[in-house]
Amino acid sequence: MNLDWQAVRVSIVLAASTTIVLLLIGLPIAYWIAFTRRRWKFLVEAIVALPLVLPPTVLGFYVLVALGPRSPIGRWYEDWTGRTIPFSFQGLLVASVLYSLPFAVQPFAAALASVDRRLVEASWCLGVSRARTFVRVLAPLALPGIVTGMVLSFAHTLGEFGVVLMVGGNLPGVTRTVSIAIYDDVQALDYAAAGATSLFLLIVSFAVLATTYALQRKVWAPWTRP
Amino acid sequence: MDAPLILVQVERTFPGGPRIECELELPSDGASVTVLFGPSGAGKTTILRCVAGLERPDRGTVRCGDETWFDSERGIDLPPQRRRTGLLFQDYALFPHLTVAANVGYGLGDRPEAERRQRVADTLAMLRIEGLAPRRPLQLSGGERQRVALGRALAPQPRVLLLDEPLSALDAPTREAVRTDLRRLLASLARPTLLVTHDRIEALALGDRIAVMSGGRVRQVGPIEDVFSRPADLEVARAVGVETVLNAHVVDRPSEGLITVQIGAVPLTAVDPGHIDGQVLACIRAEDVVLERGPIGQVSARNRLSGTVSSITPEGPLVRVRLDCGFAISALVTRQACRELGIAEGEVLTAFVKTPSVHLIARGSA
């Protein structure tokens, strides 16, 4: 098999890191969206959903501008580490997180909002803090939605192309992901390699999604209210 | 009397909705159950939520003993975590992913493991639901869920118990059994309780004191007997129903299906509803009381009460006559009858009450 294992490794590490980062920043955003009573909540929801409609090139362009060596963030990062963000794994990670944000936040928020609010209030009245209530009541009851968001983030990152090309480029072992490898193979008329890698990506994506949906149906069905 | 345990004085307006005003005290002496009574939508639950800290009043104060829980002017608003009320939700809101034991122990998180386990065991034993410990809420009946929810609220030993329509989630046959149990339990807990209900029977069976809400305001507060037999105004009378409510106790079952209760020294005969003993409430609708003066002929009514007229209040086409016959009883008669009998304050009259017109409500063991 002429699979590009180096690209596979980059893709999986990127998808896993993106998923973890999205879990850490996506849950607080989703909690805010699910429970806030602010009128301008819709603006935040719209911003979170933007990557669904924007072409990846537009998103990639703004990330390049925002994190490039001429931007304050880019300069600060360069002073601190001596490296630049664009065309590095870190830069790619930032872009991936933004690009997959709606795939994590929307299922998270829907799952949190569907938990009976009185359960949360009951927990508060029993003297349990908001953070502990999240861990003991909200997270367990919203788990199916949280898992869905994580799986979608993982699968979506695995398959992204435009953003990777714009922000990451094509550095083997650093930013060259599976989707870029396939594109390169086709450009080089190496259809055997492109076919093998494509099939691999197809099988992995399908297996991840199928497992998740199967698990959700079985394990959490008894939790739904009568 | 000491300072009240809970003092609520709040206002809350919902945008485009009703305006709710409430002034309410829970006495600090012992274990009385105060019922917040009123029709659906009167704002009862909102008041309860304001006490628990789940709803923020627009204006006012909520105090508990010497602590201030809410004060709009001083900008104090304690979160529910620091008020630690024992709130029982209408549909119980048990945590579906936790066992009964974990639900009951949920509010004990800051205590050492051994103490926590002991407290859970004690609470389950007190409620006689030890056998349910490993089950999950979905595997419980309505009555069992209510007990578990009560256990969860009681385990951390809250200063005040707040019950929101505790029986409305149950089906009718269960409700009756659970009601008697709940009364007994509340009496044995000796914990100040505020209970919200729109059901008269529930209010009568569970409460010691009653606060009647109507049109977003508390109209009258007092002992159950007083409020039911001496409503402050027409609104209250309409909300509680025109009825005389008397504390009585069962003394005898003279013959099949009949029961004799005593109010002070006066005996009353009623139809035996079964399963009652000790303290009861005797309820007599004012429209079921017949008044007569002069020599008494043969009448079928078993209960004849002689007394003096203490007040006469016109109510539309009718007149409410209050008679003092060792206790107060109200009769509703037409203006015409009032004229023809020449009823005036201080007159001596006889009131007739038919046996089936005396409704008895169990109050659990006294």
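A crossing of two helices is left-handed if the near helix is turned anticlockwise from the far one by less than a right angle, and right-handed if clockwise. By this criterion, H1(A) passes H5(A) in a right-handed crossing. The structure is a predicted model, in which local features need pLDDT of at least 70, side-chain atom pairs count only at pLDDT 80 or more, and totals for chains, interfaces and linings use all residues. Residues are numbered from 1 along each chain as its sequence is written, while chains are lettered from A and ligands numbered from 1 in the order in which they are written.

Confidence was examined for the complex and for chain B. The predictor assigns the complex an ipTM of 0.80 and a pTM of 0.79. The mean pLDDT of chain B is 86, and 96% of its residues score at least 70. Here pLDDT is the predictor's confidence in each residue, from 0 to 100. Among the elements of chain B, the lowest mean pLDDT (77) belongs to helix H9 (residues 234–240) of chain B, and the highest (95) to helix H3 (residues 100–104) of chain B. Helices (H or I, at least four residues) and strands (E, at least two) are DSSP runs, numbered from the N terminus.

In chain A, helix H1 (residues 5–35) packs on helix H5 (residues 89–114) at an angle of about 45°, and their axes are 7 Å apart. Axes are lines fitted to C-alpha atoms, for helices over the stretch in contact, and angles run from 0 to 180 degrees between N-to-C directions. H1(A) and H5(A) are therefore oblique to each other. Angles under 35 degrees count as roughly parallel, over 145 as roughly antiparallel, 65 to 115 as roughly perpendicular and the rest as oblique. Residues of H1(A) in the contact include A:Leu14, A:Val21 and A:Ile29; those of H5(A) include A:Leu93, A:Val97 and A:Phe108. Contact requires C-beta atoms, placed from the backbone, within 7 Å. The contact of H1(A) with H5(A) has 19 nonpolar, five polar and no charged residues. Ala, Val, Leu, Ile, Met, Phe, Trp, Tyr, Cys and Pro count as nonpolar, Asp, Glu, Lys and Arg as charged, and the others, Gly among them, as polar.

The contact draws on A:Leu119, A:Val120, A:Ser123 and A:Trp124 of H6(A), and on A:Thr133, A:Arg136, A:Val137 and A:Leu138 of H7(A). Five of these residues are nonpolar, two polar and one charged.

At the interface, 17 residues of chain A contact 17 residues of chain B. H6 and H7 of chain A each supply at least two residues of the chain A side. H6(A) gives the largest share of that side, six residues. The chain A side comprises twelve nonpolar, two polar and three charged residues.

In chain B, an open sheet of five strands has the order S16-S20-S17-S18-S19, with antiparallel pairing. Strands pair if DSSP finds at least two bridges between them. Strands S16 (289–292) and S19 (328–334) of chain B are the edges, each pairing on one side only. The twist averages 45° from one strand to the next. Four bridges join S16(B) to the antiparallel strand S20 (residues 348–353) of chain B. B:Leu291 has B:Ala351 in S20(B) as its bridge partner.

Strand S12 (residues 243–252) of chain B pairs antiparallel with strand S15 (residues 279–285) of chain B over seven bridges. S12(B) also pairs antiparallel with strand S13 (residues 258–263) of chain B, over three bridges. S12(B) and S13(B) form a hairpin with five residues between them, and B:Gly257 in the turn has a positive phi of about 85°.

How values were computed: Contact = placed C-beta atoms within 7 Å.
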